[in-house]
Amino acid sequence: MQRPPEKNTLIVGWNVEAVQLYDRLLETPALGYNVRGFIRPAGNDRRRHYKNVPVVGDLENFSECVKKYKIKEALIVLSPSEKTYLPQIIDLCTKNNVEYSIVSDAYEEDYDHVVRHIIRVVLKPREFGFRRIFDILISVTLLILLFPLFIITAIAIKLDSPGPLFYSQQRLGKDGKIFKVYKFRSMVQDAEKLTGPVWAGKEDPRITRVGRILRKTRIDELPQLMNVLLGDMSFIGPRPERPFFAQQFKKQIPFYMARLKTKPGITGLAQVTVGYDETIEDVKEKIKKDIEYIENKDSLLLNLKILLKTIAVVLKGEGQ
């Protein structure tokens, strides 16, 4: 078996579990982790080394360490006294485009109301070898097969209300990359001109008559097949969120930004089980499902279940 290339890594945590993790990595070089040092979240222990691996800094100079050591991944293993730093650490990793894995059970009890399962594996699950190929094939196939539906939808939108056929919004993609998502217009033109960004409710007066049908059947989402083709999205994954709301949610919900560890999707476990966001509790429930999917995204059975559930949602008109 060919050994994977070494990945420059930081261990974020300065405790017994952190050094035990380093020992395990030292015993299994085939994993490919090149630990450049420890990041000490709290300043209560001034020791500087463990087995010649230095404490290279704290959270204040995390970004500096990432650039200096060309860090690709952070392994987060916090003691109970350090766990309050977790949202800040995740935010730093996201801002610095550093992959991260949580490798401790210390947070599960405190955050059980937010996440059912927490990512805590050392060796991150591999992406589907054929995931990108699958995304390209399914997006091209559906765009061709559904072209007549696109024409009918375009005519219905134009006859129903003035305005463009499509609309675009900025959304957050993998690792916080901002991209434009495309949808069929289901609201009146300039729906947020006076209100600014707001959630759409079930009886939202801004939704047009045709728009209600498009949302019920999820037809309004179909132009996102172009986003899949362009590589900004996958067919299955967490729902892409608007940066405005993401900035609010990450302050209220620990692990919210963990959704950015994978590409967002047109459909996903959260989309077919929770539906549209209307309250902060809906968002919390979605985070549970998103984390559950990220942990098990390489499961063929889970992805098949999501696809079948998506078909059922469309046929039953269970959208909003």
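View 1. I133 sits in helix α4, which spans residues 131–145. This is a predicted model.

**View 2. Helix α5 packs with helix α6.** Helix α5 covers residues 147–160, and helix α6 covers residues 209–217. Their axes lie 8 Å apart. The packing angle is about 145°. From α5, the residues in contact are T153, A156, I157 and D160. They meet R209, V210 and L214 in α6. Sorted by class, this contact has four nonpolar residues, one polar residue and two charged residues.

**View 3. An aromatic pair, F150 with F184.** The structure holds six aromatic pairs. One of them joins F150 and F184. How are these two rings arranged? Their centres are 5.3 Å apart and their planes meet at 65°, so the pair is edge-to-face. Planes over 60 degrees apart count as edge-to-face. F150 belongs to helix α5, while F184 belongs to strand β8 (residues 178–184). The pair therefore ties together parts that are 34 residues apart in sequence.

View 4. Eight salt bridges turn up in a search of the whole structure. Here, D91 forms one with K95. The closest N and O atoms are 3.3 Å apart. Both residues lie in helix α3, which runs over residues 86–95. D91 and K95 are four residues apart there, so about one helical turn separates them.

Technical notes:
Residues numbered from 1 in each chain as written. Predicted model: local features only at pLDDT ≥ 70, side-chain atom pairs only at ≥ 80, totals over all residues. Heavy atoms only, no water. Helix = DSSP H or I, 4+ residues; strand = E, 2+ residues; numbered from the N terminus. Axes fitted to C-alpha atoms, helices over the stretch in contact; angles between N-to-C directions. Contact = heavy atoms within 4.5 Å. Nonpolar A, V, L, I, M, F, W, Y, C, P; charged D, E, K, R; others polar. Phe/Tyr/Trp six-rings, centres within 6.5 Å; stacked < 30°, edge-to-face > 60°. Salt bridge = Lys/Arg side-chain N within 4 Å of Asp/Glu carboxyl O.
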